[in-house]
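Thanks for coming. I have one model to go through today, and I will take it piece by piece, with the cut-offs as they come up.

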Amino acid sequence: MIKTQLAAASVVGKVLAGASLTEVLQDVWRVESSLSKQQRGAIQDLSYGVLRFYGQLGAILELLLKKPLRDKSLYHLLLVSLYQLQYSRVLSHIVVDQAVSASRCLVKGGGMQGLVNAVLRNFIRQQENLLRQAAEKEVGRYSHPQWWVDKLRRQYPENFAAILRANNKRPPMTLRVNRRKISMEDYCDLLTENGIQAELLWPDTLQLSQPIRVESLPGFAMGLVTVQDAGAQLAAPLLDVHDGMRVLDACAAPGGKSTHLLELANISLSILDNDPERLIQVQQNLERLGMTSERLVCGDAANPDEWWDKQPYDRILVDVPCSASGVVCRHPDIKWLRRESDLAKFAVYQQAILDALWKTLRKDGKLLYVTCSVFAEENTMQMESFLKHHFDACQLPISVAAMVDGQLLPDTQHDGFFYTLLQKN
C-alpha cells in the first residue's frame with residue numbers, strides 16, 4: 001500500500017499544480033511499467049477519489065494542522081490518507097501505519113512521522129465533528145470551487161445542489177447497442193448469459209448495474225456494443241440523418257458520436273478533429289465496429305479553408321470544445337483546473353467555430369450544437385448571440401423529456417449536455 005499511497009499523492013500533487021489527471025496517470029503507467037493491474041487500479045481510485053472530494057478533504061486538513069505544511073508532497077500524502085480513512089474499506093490502523101511509513105520516503109532524515117500519525121489519529125477520533133465543521137463552508141460541503149458553486153446557484157437556483165452532488169458521484173457505465181449487428185433483445189440475452197445486470201434507459205441504451213472491464217463485455221471486440229454516456233447518445237438521433245446525406249462530425253474525437261451516426265443511416269461522413277493522436281482513436285473505433293468514413297481529416301473547425309472541399313453538408317454535428325463542466329464525475333480534476341475566466345475564452349472559440357461551420361451547411365440543412373457543459377455562457381447565451389447575428393438560422397424544437405431548453409443536467413444516469421438544433425433557412 002505504501003507504493004500506491006506515494007504514487008497517488010504524486011499524481012494529486014501534479015494535478016493540483018495544473019496538469020491533467022488523465023495525462024499524469026498515463027505518464028505513471030509509462031514510467032512504472034512494472035505496476036500490477038491491482039496497483040494501477042488502486043492508484044487510479046485514490047487519485048480520482050481525492051480530487052472528487054478535495055474541497056472537503058482540504059478543509060478537514062486545514063482544521064487538523066496548526067500551520068500550513070511547507071512540504072507539499074507530505075500534504076498530498078495526508079489528503080490520500082484522509083480519503084482512505086473516510087471513503088475506503090481499508091482498516092484505519094493499516095492506513096495510518098502505511099502513511100507513517102510512506103512519510104519516511106518523502107522527507108529526508110524523517111522527523112515527520114509523528115506529525116502524520118497525530119493528524120490521522122486525530123481525524124479518526126474527531127471524524128464526525130471535523131466533517132460537520134468542514135461542511136460549514138460551501139467548498140468543503142460540495143467539494144467545488146466557490147465560484148463554481150456561486151455560478152450554479154445563480155443559473156440553477158432550484159437544482160444547483162443536486163448538480164454538485166451528481167458531479168461527486170462515481171459515473172455509471174452505459175452501453176450503446178449496435179443495431180446494425182444485433183438487436184437490443186438479443187444483446188440483453190447475452191448479458192444475462194454472462195451474469196451481467198443492466199437496465200434500459202432509452203432505445204439502444206443500457207446502463208450496467210455495476211461497471212466492469214470493457215474486455216469483459218460480450219461482443220465488444222466484435223463491435224456489438226460501444227461504451228458511451230447516455231447523454232452523449234442523444235446527439236446522433238437528434239441530428240436527423242437519412243441515407244445518402246453528406247454529413248460532417250466536427251471536433252469528433254474519440255468518435256463515439258461518429259460511429260453512432262454511421263449506425264443510424266448510410267451516409268457520407270466526414271470526421272474532423274484538430275488532434276492527430278485522437279484521430280487515431282477514431283480510426284480504431286471505426287475498425288472495431290467494421291465501419292468506414294468518407295474522410296478522416298485533421299484540421300481546425302474554425303478554419304474550413306484548410307480542409308473543406310466547398311461541397312455543402314446536409315447535416316453538421318459539432319461538439320465544441322468547452323469547460324466540460326457537465327462531465328466532472330468522470331473527470332474530477334476539471335473543477336480544480338478550470339478558472340471562471342476560461343468560460344469567456346471558450347465562448348469566443350465556440351462562436352468562431354459556429355460562424356465558420358454555418359457557411360459550410362446547405363440551405364435547409366441542420367446543425368446540431370453540442371457541449372458537455374452546464375454553464376449558460378457556453379450554452380443558452382451562446383445560442384442567443386448566434387441567432388441575433390444569423391438571420392438565416394432557425395432553432396428547431398427538441399423533444400427529450402429529461403431536457404429543459406436543451407440542457408440535460410447531470411444525474412445518476414448520465415452526464416450533463418447541452419443541445420441546440422439549428423436549421424438554415
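Let me start with burial: a residue is buried under 20% relative accessible area, exposed over 50%, and partly exposed in between, using a 1.4 Å probe and protein chains only. Helices are DSSP runs of H or I with at least four residues, strands are runs of E with at least two, and both are numbered from the N terminus. This is a predicted model, so to speak of local features we need pLDDT of at least 70, side-chain atom pairs count only at pLDDT 80 or more, and totals for chains, interfaces and linings use all residues. Residues are numbered from 1 along each chain as its sequence is written, and side-chain values use heavy atoms, with hydrogens and water left out.

Now helix α9, residues 146-155. Its buried residues are Trp147, Trp148, Val149, Lys151 and Leu152. What do they pack against? The partners are α8 (138-142), α10 (160-167), α15 and α16 (342-358), where contact means heavy atoms within 4.5 Å.

From there we go to α15, which covers residues 334-337 and contains Lys335. Leaving aside neighbours within four places in sequence, Lys335 is in contact with Leu51, Arg52, Ser143, His144, Pro145, Trp148, Asn168 and Val328. Lys335 is buried yet has no salt bridge. A salt bridge here is a side-chain nitrogen of Lys or Arg within 4 Å of a carboxyl oxygen of Asp or Glu. For charge, Lys and Arg count as positive and Asp and Glu as negative, while His and the chain ends are not counted. The nearest side chain of opposite charge to Lys335 is Asp333, 9.5 Å away. What does the side chain of Lys335 reach at 2.8 Å? That is the backbone oxygen of Arg52. A polar contact is a pair of N or O atoms within 3.5 Å; within protein, one must be able to donate a hydrogen and the other to accept it, and residues adjacent in sequence count only if both atoms are side-chain atoms.

Next, Asp342 in helix α16. Asp342 counts as buried because its relative accessibility is 16%. A polar atom of the Asp342 side chain lies 2.8 Å from the backbone nitrogen of Arg339.

On to the salt bridges. By the rule I gave, the count comes to 19. One of them joins the side chains of Asp229 and Arg330, at 3.0 Å from N to O. This pair links distant parts of the chain, 101 residues apart: Asp229 sits in the loop between β4 and α12 (235-239), and Arg330 in the loop between β8 (313-319) and α15. Asp229 is buried at 8% relative accessible area, whereas Arg330 is partly exposed at 23%.

Another salt bridge joins Asp309 and Arg246, at 2.5 Å. Asp309 lies in the loop between β7 (295-298) and β8, and Arg246 in strand β5 (residues 246-250), so the pair ties together parts 63 residues apart in sequence. Asp309 is partly exposed at 34%, and Arg246 is buried at 19%.

Then there is Lys257 with Asp319, at 2.8 Å from N to O. Lys257 belongs to helix α13 and Asp319 to strand β8, so this pair ties together parts 62 residues apart in sequence. Lys257 is buried at 13%, and Asp319 is buried at 15%. Salt bridges with shared partners also join Glu138, Asp150 and Arg153 into one network.

Last, the sheet. It is open, with four strands in the order β2-β3-β1-β4 and antiparallel pairing; two strands pair if DSSP finds at least two bridges between them. The edge strands, each pairing on one side only, are β2 (198-202) and β4 (225-227). Strand β2 pairs with β3 (residues 205-208) over four bridges. Within that pairing, Glu199 stands opposite Gln207, and Trp202 has Thr205 as its bridge partner. The hairpin of β2 and β3 has two residues between the strands, and Asp204 takes a positive phi near 70 degrees there.
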